[in-house]
Amino acid sequence: EWVPSTPKHVLLYDAFGWQPPVFVHLTVFLSKHGGKMSKRDSATALLEFRDLGYLSEAIVNSIALLGWNPKTEEEFFTIQELIERFDLTMLNTANPIFDTEKLNWMNQQYMRALTTEKLLERMQVLAETAEHYTNDYKRFVGWFNAQSTPRQLSLWEHLRERCKTLLEVAQSTTFDLPAYETEKLVWKKSDRAKTIEILNALVPELENIPEADYSVAVLDPHIREWIARKGWGNGDVLWPMRFALSGAMQSPSPFELAELLGKTETVRRLQHALQLLSLK
């Protein structure tokens, strides 16, 4: 969009007796609707993306591929590789569309490569420098630091598979009781009385499992075997368990949630669900 005004710029250089530079006009990033990027579309400032939990390497990599074509199938480049391979003849001539879905995917790939130590380093920086969501990041750092090393490894293994940004990771560990409609605790093929009976049996069963065993690897086979012994259907038990823990119609499995929340919070949420069901 600067092309029409370039002759004026050249005349200004001539008027001052300066040597004009070589002008390179880059394409304009478009929104998914086809117009120029604006606040209505998404974050448009780099610091906004930082606060939202995007890694700097994912941002650089993603933007580089919007304006430049490596002429290969490669998608991931380090800063040094981009510097070494940059060539003006490889710039795109068409206005690229900024695709947040592609950015989310790329960011998740970079996140998966982080160790738990590097994860904490990134979160700590955000807790100190982010203009927004600082409490989410601070809470995560404090909570994650308090976990044992094996539990940190297990938690991160699950979180990085379903979270696309560091903010999603931080907010997934919020331990406020979820608000939901009580009726949704009941599995579609069950009823309130049976759900109360099941949760009354499930709570002590989960209380008997040591805190150190609150992992998907232990909880999944243990609870499924317990369900089979009781003669109940998986949906009768796992639906109210998952919904009580998440408060959402769609969420990770109840065992992933239990591992993330830990024993005390898992039991607290199930007891809360029982209280709600027993009020009517």
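This is a predicted model: local features need pLDDT of at least 70, side-chain atom pairs count only at pLDDT 80 or more; totals for chains, interfaces and linings use all residues.

Colleague: Is L88 buried, exposed or partly exposed?

Modeller: The relative accessibility of L88 is 47%, so this residue counts as partly exposed; the class lies between under 20% for buried and over 50% for exposed.

Colleague: How should I read the packing of two helices?

Modeller: Two numbers describe a packed pair: the angle between the helix axes and the distance between those axes. Here α5 packs with α8 (residues 149–162) at about 165 degrees, and the axes are 9 Å apart. Therefore α5 is roughly antiparallel to α8, since an angle over 145 degrees counts as such.

Colleague: What is the handedness of the crossing between α5 and α8?

Modeller: The crossing of α5 with α8 is left-handed.

Colleague: Which backbone angles deserve attention in the loops?

Modeller: Consider phi at residues other than glycine. K71 is not a glycine, yet its phi is positive, at about 65 degrees. K71 sits in the loop between α3 (56–67) and α4, and with 60% relative accessibility it counts as exposed.

Colleague: Where does Y133 lie, and what is its phi?

Modeller: Y133 is in the loop between α6 (116–129) and α7 (134–145). Its phi is positive, about 65 degrees, although Y133 is not a glycine. With a relative accessible area of 36%, Y133 is partly exposed.

Terms used: Residues are numbered from 1 along each chain as its sequence is written. Side-chain values use heavy atoms; hydrogens and water are left out. Buried means under 20% relative accessible area, exposed over 50%, partly exposed in between (1.4 Å probe, protein chains only). Axes are lines fitted to C-alpha atoms, for helices over the stretch in contact, and angles run from 0 to 180 degrees between N-to-C directions. Helices (H or I, at least four residues) and strands (E, at least two) are DSSP runs, numbered from the N terminus. Angles under 35 degrees count as roughly parallel, over 145 as roughly antiparallel, 65 to 115 as roughly perpendicular and the rest as oblique. A crossing is left-handed if the near helix is turned anticlockwise from the far one by less than a right angle, and right-handed if clockwise.
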